Amino acid sequence: MQLVLLFALVSSAAPPPALVFREAQELMEDGYLEAAAAKFVELVGANPKSDLADVALSSAALCHDRAGRPELAKRVYERLVVEYPASRFADTALFRLAMMAEHERDFDAAILRYLQLVKGYPASKERAAAAYNAALLFE
């Protein structure tokens with residue numbers, strides 16, 4: 001009886017985040033972008049405090065982008081910025097959101113995102129381009 005109970009506990013435990021992340025990466029590498037994005041988001045849902053959560057969201061957004069699903073990518077980038085503002089991927093997410101807004105001809109939203117990046121991420125490699133793009137849009 002104890003062995004059955006132990007097996008039930010072990011088998012019902014969620015897989016470790018690193019394993020789920022690797023599975024998602026493999027799906028992405030094999031071209032199953034939507035399945036990979038779902039797996040990355042699943043990882044974050046099950047392990048929001050994992051060290052892999054922010055990179056998983058960034059990867060999910062990239063998968064959606066590459067699959068031609070910009071609205072889904074946009075939602076995931078927004079989630080990354082809101083839930084993980086200190087992430088090393090947050091500035092790039094803001095830059096992508098600004099570029100998407102610009103593409104949609106929502107110039108006010110693009111300017112706001114570019115300026116949010118400039119003010120909030122002074123060490124960002126995207127900072128100069130964001131400031132330049134915001135200035136162009138002000139004209």
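Helix α2 (residues 17–29) and helix α3 (residues 33–46) have axes that come within 8 Å and cross at roughly 165°. Here, axes are lines fitted to C-alpha atoms, for helices over the stretch in contact, and angles run from 0 to 180 degrees between N-to-C directions. Helices themselves are DSSP runs (H or I, at least four residues), numbered from the N terminus. Keep in mind that this is a predicted model, where local features need pLDDT of at least 70, side-chain atom pairs count only at pLDDT 80 or more, and totals for chains, interfaces and linings use all residues. Residues are numbered from 1 along each chain as its sequence is written, and side-chain values use heavy atoms, with hydrogens and water left out.

**How α2 and α3 pair up**

- With that angle, α2 and α3 are roughly antiparallel to each other (angles over 145 degrees count as roughly antiparallel).
- Their crossing is left-handed, meaning the near helix is turned anticlockwise from the far one by less than a right angle.
- On the α2 side, the contact (heavy atoms within 4.5 Å) is made by P17, V20, F21, E23, A24, Q25, L27 and M28.
- On the α3 side, L33, A35, A36, K39, F40, E42 and L43 take part.
- Sort the residues of this contact and you get eleven nonpolar, one polar and three charged (Ala, Val, Leu, Ile, Met, Phe, Trp, Tyr, Cys and Pro count as nonpolar, Asp, Glu, Lys and Arg as charged, and the others, Gly among them, as polar).

- The whole structure has nine salt bridges (a side-chain nitrogen of Lys or Arg within 4 Å of a carboxyl oxygen of Asp or Glu).
- One of them joins E26 and R22, at 3.5 Å from N to O; both sit in α2, four residues apart, about one turn of the helix.
- E26 is partly exposed at 38% relative accessibility, and R22 is partly exposed at 36% (partly exposed lies between buried, under 20% relative accessible area, and exposed, over 50%, with a 1.4 Å probe and protein chains only).
- Another links R79 with E83, whose closest N and O atoms are 3.0 Å apart; these two also lie four residues apart, in helix α5.
- R79 is partly exposed at 26%, and so is E83 at 40%.
- Shared partners join R22, E26 and E29 into one salt-bridge network.

- E78 and R113 meet through their side chains in a salt bridge of 3.8 Å, N to O.
- E78 lies in α5 (residues 70–83) and R113 in α7 (residues 107–120), so the pair ties together parts that are 35 residues apart in sequence.
- E78 is partly exposed at 28%, and R113 is partly exposed at 22%.

How values were computed. Parallel < 35°, antiparallel > 145°, perpendicular 65-115°, else oblique.
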